[in-house]
Amino acid sequence: MSTRHILLGLLAGGPSHGYDLKRRHDERFPQARPLAYGQVYTTLQRLVRDDLAEVDGTDSDGGPERTRYRSTDEGSRELARWTGEITPPAPFVTNEIFAKVVCAILASTDPDKYLRTQRAAHMERMRELTAVKTAKDADLATVLSADYALSHLDADLRWMTTTAARLTTLTAEVDAA
């Protein structure tokens, strides 16, 4: 994920302080890794340096002085370009689950047991995400994020089911080599 573009997207709603941008990021992207304050302020400095954002003033509100930032016209054009750019599907999908199954087959350990245990962990996470997205206070960002994660978990589960059905053949191929 491009932090600079995410911050430009958050600034599209109007001027904000770095603290507010970090908080809104964590609210809008609930399944993403939370941003560190240092990352927010470093990225804001780079956006200003690149003329994609500018300082819109400072506030103190009885506390420490806080700098308010806003997107520039160039920042708005950059955000529009980025949001319209197609993200190419990955040419190769590498996944730790896949790697563990292959290594378990190669090491003659029990890949079926691993798949059953991993499947149980996936099912538990799916239950958690379903509860999060169906909660009465779930906002749209939370629902969209949970749906995205659920779709990926479902794809993993389908792959695990297919792979478990092929384990005898896969193991025989490795043994014959």
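Guide: Strands themselves are DSSP E runs of at least two residues, helices are H or I runs of at least four, and both are numbered from the N terminus. In β3, S16 has Y69 as its bridge partner. Keep in mind that this is a predicted model, where local features need pLDDT of at least 70, side-chain atom pairs count only at pLDDT 80 or more, and totals for chains, interfaces and linings use all residues. Residues are numbered from 1 along each chain as its sequence is written, and side-chain values use heavy atoms, with hydrogens and water left out.

Visitor: What makes β1 and β3 a pair?

Guide: Two bridges join β1 and β3, in the antiparallel sense, and at least two is what the definition asks for. β2 and β3 (residues 66-71) are joined by six bridges, also running antiparallel. Among the facing residues, E54 has R70 as its bridge partner in β3, and V55 stands opposite Y69.

Visitor: Why are β1 and β2 called edge strands?

Guide: The sheet is open, with the order β1-β3-β2. β1 (16-17) and β2 (53-59) each pair on one side only. In the β2-β3 hairpin, six residues lie between the strands, and D61 there takes a positive phi near 45°.

Visitor: How do you know how α1 and α2 are oriented to each other?

Guide: Helix α1 (residues 3-11) packs against helix α2 (residues 18-28) at about 100°, with the axes 10 Å apart. Angles of 65 to 115 degrees count as roughly perpendicular (under 35 is roughly parallel, over 145 roughly antiparallel, the rest oblique). So α1 and α2 are roughly perpendicular. Contact means heavy atoms within 4.5 Å; on that basis I6, L7, L10 and L11 in α1 meet L21, R24, H25 and R28 in α2.

Visitor: What makes the protein more spread out than a compact globule?

Guide: The protein has seven helices and three strands. Its radius of gyration is 22 Å, well over the 16 Å from the globule rule for 177 residues, so the protein is more spread out than a compact globule. That radius is taken over C-alpha atoms, and the rule is 2.2 Å times the number of residues to the power 0.38. The C-alpha atoms fill a box of roughly 70 × 40 × 30 Å along the principal axes.

Conventions:
Axes fitted to C-alpha atoms, helices over the stretch in contact; angles between N-to-C directions.
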